[in-house]
Amino acid sequence: MKSLPLFLIVIVASVATMIPRFIPFYLSFLNKVPPFIKKCMSLLPVAAIGALIFPFTILDFLPVWYAGLLGIIAAFVVNYYKQSMLLSIVISVIVTYIALLV
Amino acid sequence: MKKNVGDFSYREGFQDGIPILLGYFSTAIAFGLICRNIGIPFFESCLYSLTNFAGAGQFLAINLFASGALLFEYFIGINLINLRYLFMGVALRTNLSKDVKGIKKVIVAFGVTDEIFTVASMKNSDNLSFNYMAGLITSSYIGWNSGTAIGFMMGMILPKALQMAAGVTLYAMFSSLLSVEFKNKGAKVLLIAGFSAAINSFLILVLSFPSGWSFVISMVSSAFIGALFMKEEN
């Protein structure tokens, strides 16, 4: 794939992203899903978050395995009390930076 | 309350999108940095964000690209990663004002991301106006694309250690989102996310699954199990 023009690779990614975005707006078969499936759907974002964080927040910072972990704990706590995503992200980067330096 | 044009103005949408703008901006900085680190030029990095507007999906996509996946695997992988948009689209569509069609519908469909969907759903309206959605998408889109460009340029001046630390922004953003969900819905949110984290870690670390497949399996199975065991409310 690396021999293909990057431009094309970007467009392929866009098409692959847009297919699931557009289908529900133009086809209606998805409307008649049972309540249980709807319940599953409503839990998908939370379920996605777990898998998006682990294990890569550990792996990305190896050999300092706890650097990313401390960062996300900081983000969680700061956002819980302050409800500011930007603040929690900035503090998270600082905590991770310190953990990587120490 | 119900007007023809639907609930909420462009201005309200734009304002509701500001927290997303900030979160996206800092996350996209990480995306721009990573693009530069794996050798994607400035123009293509910006084009990636302009045409995909996919948050975490883009990180997974460039991961697949950098790991040398075949074009077909890459295409299927990105589709699966973004499968959740199917369900978000179904839910969002039923909340939209009836006059959202034609080019308006194209714009709303283009702008379905996790955060935009979540914010729009939290308005608890079944008559959301196009203007509101357009405002929400505009501020988020500005954050995502300006962040990508600035992140790429920051990569040229930031010290290496700080660049590495900036890699935590994506996870920090998810962690903050989880904290909001936890505050609103209680401990079951942490159970579901923890379960999904455990399955994903097991699949990747123990069974060496490719990250795209592992992500989809973890997400779908945890949502399924969560729905089985949590029958109360909603």
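Of the 98 residues in the largest nonpolar core of this predicted model, A:Ala47, A:Ile49, B:Phe174 and B:Met219 touch the most other members. A nonpolar core is here a set of buried Ala, Val, Leu, Ile, Met, Phe, Trp, Tyr and Cys residues joined through C-beta atoms within 7 Å. A residue is buried if 20 or more other C-beta atoms lie within 10 Å of its own, exposed if 12 or fewer, and partly exposed in between, with C-beta atoms placed from the backbone. Helix H2 (residues 18–37) of chain B gives the largest share of this core, eleven residues. Helices (H or I, at least four residues) and strands (E, at least two) are DSSP runs, numbered from the N terminus. The core lies between domain 1 (10–166) and domain 2 (186–234) of chain B, because both domains give residues to it. The domain bounds come from an automatic or database domain assignment. In soluble globular proteins, nonpolar side chains tend to be buried together.

Residues are numbered from 1 along each chain as its sequence is written, while chains are lettered from A and ligands numbered from 1 in the order in which they are written. As this is a predicted model, local features need pLDDT of at least 70 and side-chain atom pairs count only at pLDDT 80 or more, whereas totals for chains, interfaces and linings use all residues.

The two chains meet through 79 residues of chain B and 60 residues of chain A. Two residues are in contact if their C-beta atoms, placed from the backbone, lie within 7 Å. On the side of chain B that touches chain A, helix H11 (residues 169–185) of chain B contributes the largest share, 13 residues. That side of chain B consists of 49 nonpolar, 23 polar and seven charged residues. In this division, Ala, Val, Leu, Ile, Met, Phe, Trp, Tyr, Cys and Pro count as nonpolar, Asp, Glu, Lys and Arg as charged, and the others, Gly among them, as polar. With its neighbours within four places in sequence left aside, A:Ile49 is in contact with B:Phe174, B:Leu177, B:Leu178 and B:Ala193.

Within chain B, the C-alpha centres of domain 1 and domain 2 lie 23 Å apart. Seven residues from domain 1 of chain B and four residues from domain 2 of chain B form the contact. On the domain 1 side, helix H4 (56–66) and helix H5 (71–81) of chain B each supply at least two residues. The residues on this side of domain 1 of chain B are five nonpolar, two polar and no charged.

Helix packing was examined next. Helix H8 (residues 114–122) and helix H9 (residues 130–154) of chain B pack at an angle of about 145°, with their axes 11 Å apart. Axes are lines fitted to C-alpha atoms, for helices over the stretch in contact, and angles run from 0 to 180 degrees between N-to-C directions. The crossing of H8(B) and H9(B) is right-handed. A crossing is left-handed if the near helix is turned anticlockwise from the far one by less than a right angle, and right-handed if clockwise. B:Glu115, B:Ile116, B:Val119 and B:Ala120 of H8(B) make the contact with B:Met133, B:Leu136, B:Ile137 and B:Ser140 of H9(B). Six of these residues are nonpolar, one is polar and one is charged. The axes of helix H6 (residues 84–95) of chain B and H8(B) come within 10 Å and cross at roughly 35°, and this crossing is left-handed. Here B:Met88, B:Ala91, B:Leu92 and B:Asn95 in H6(B) meet B:Phe117, B:Ala120 and B:Ser121 in H8(B).

The loop between H8 and H9 of chain B holds B:Asp126, which counts as exposed because it has 12 C-beta neighbours inside 10 Å. With neighbours within four places in sequence left aside, B:Asp126 is in contact with B:Thr94 and B:Asn95.

Several backbone features remain. Most residues other than glycine have a negative phi, and most peptide bonds are trans. A cis peptide bond joins A:Phe54 and A:Pro55, with omega about 5°; A:Pro55 lies in the loop between helix H2 (35–53) and helix H3 (56–59) of chain A. Another cis peptide bond joins A:Leu62 and A:Pro63, with omega about 10°. Phi is positive, near 75°, in B:Phe8, a residue that is buried, with 22 C-beta neighbours inside 10 Å. B:Ser208 has a positive phi near 55° and is exposed, with 8 other C-beta atoms within 10 Å.
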